[in-house]
Structure formats: structure tokens, C-alpha cells
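Hello,

Here is the structure we talked about, with its sequence. My notes on what was found in it follow below.

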Amino acid sequence: MAGQAASLPCKCPPDWPPYLVWQKVTSEKPLVVNYYKDDNQEDEQTAPEYRNRTELNLTGNCSLVFHRVRLSDRGLYECYYKTTPLRHEKIHLDITEQQQQMPKPDPNVQSLIVTSSVCGLLFIALTIAAVYVGITCRNRHQAKRAFIATPVKSI
């Protein structure tokens, strides 16, 4: 993904090659992405658009590491290393656009939403309680009136 690190593997001999070149294949001429010769990475051989953005991982292999890939880095790369005869490997790098991150919600807005929700629930609870009390009072009043209106029979 654009903006993130990426590593392109290359299996070279375990005895660290004295000569290693990573190139990007283009329609015009190959661009040198990283150049290693005689225990030294040589920046003057590297194309300007790759300087200070790549490094070689020489522990167990000859991987090319991009610190932050760009969409323009998409393409075919070749790893050349000196053995007898000169050997190379090819790998295609595909980059996807960086996904837009959702903006972080404002904590004040979240607080307002929570407060509004709590107030709404409280209003509903109070309304239900008032209706319950009203119905209960009415039923008691009607029961009391019915009791008073009922004549008492004597034996």
C-alpha cells in the first residue's frame, strides 16, 4: 500500500555477493534502485528518485526494502548478483492506493450525543412513570368511589 514499507525478495548466494544491483525495468532504460559493490552501497549509482528511500537487507538474502513506497514504484524489478555466471531474478511490485482514513470523531460531539441519548431515555422513563402514577391514582379513586356508593346491607 502506498506510504508503507515493502520488501522485494531476492535469493542470492549465502556468501554475500561482491556485486549486487537492483533495477526497475522501464521502457527506456533500466533505473538503478540500489547498487552494492565491495561491501558498500553506492548512492551515486542510484537513480535520484530512489535515493534515501531504499536499502538492502543482506542478512540471509539480498532483499530490497522500500521505506515508503509510492504509486510510481509499481513495476517490474530485477535483482542482479555476481556469481559465475551473472544471475538475476525478477519480481513485480504492485502498489495500491492508500485508503482514506475515517476522520476521528470529535469527543465533544460524542459527549453531546451521549448526553442527548441519556436525556431522551430519562424523558421516556419519566413519561412512563407519570402515566403509571396517573393510571394508578385514577383506579384507586374509582375504587374508593365505588366502595362509598355501595349500600351496606344489614341482616
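There is 1 disulfide in this predicted model, a disulfide being a pair of cysteine sulfur atoms within 2.5 Å. The bond runs between C10 and C79, with an S to S distance of 2.1 Å. The link of C10 and C79 is left-handed, at -75° about the S-S bond. Helices (H or I, at least four residues) and strands (E, at least two) are DSSP runs, numbered from the N terminus.

Both cysteines are covered. C10 has 1% relative accessibility and therefore counts as buried, and C79, at 0%, counts as buried too. Buried means under 20% relative accessible area, exposed over 50%, and partly exposed in between, with a 1.4 Å probe and protein chains only.

On the conventions: residues are numbered from 1 along each chain as its sequence is written, and side-chain values use heavy atoms, with hydrogens and water left out. As the model is predicted, local features need pLDDT of at least 70 and side-chain atom pairs count only at pLDDT 80 or more, while totals for chains, interfaces and linings use all residues.

Next, the aromatic side chains. The structure holds 2 aromatic pairs. Rings of Phe, Tyr and Trp (its six-membered ring) pair if their centres lie within 6.5 Å; planes under 30 degrees apart count as stacked, over 60 as edge-to-face and the rest as tilted. The Y50 and F66 rings have centres 6.2 Å apart and planes at 65°, so this pair is edge-to-face. Y50 belongs to the loop between strand 3 (31-37) and strand 4 (54-57) and F66 to strand 5 (residues 63-66), so the pair ties together parts that are 16 residues apart in sequence. Y50 and F66 are both buried. The rings of F66 and Y77 are edge-to-face as well, because their centres lie 5.8 Å apart and their planes stand at 75°. That pair links F66 in strand 5 with Y77 in strand 6 (residues 75-81), 11 residues apart. The relative accessible area of F66 is 0%, so F66 is buried; for Y77 the value is also 0%, so Y77 is buried. Through these ring pairs Y50, F66 and Y77 form a cluster.

An open sheet is formed by 3 strands in the order 1-5-4, with antiparallel pairing. Its edge strands are strand 1 (6-8) and strand 4, each of which pairs on one side only. Two strands pair if DSSP finds at least two bridges between them. Strand 4 and strand 5 run antiparallel and are joined by 4 bridges; E55 has V65, in strand 5, as its bridge partner.

Finally, some totals. The protein has 1 helix and 7 strands, and from the N terminus on the elements run β-β-β-β-β-β-β-α. Of its 155 residues, 24% count as buried. Among contacts (heavy atoms within 4.5 Å) between residues at least 6 apart in sequence, 48% join residues at least 24 apart. The accessible surface comes to about 11900 Å², of which 58% belongs to carbon and sulfur atoms; accessible areas come from the Shrake-Rupley method with a 1.4 Å probe, and for residues only the protein chains shown count as cover.

Best wishes
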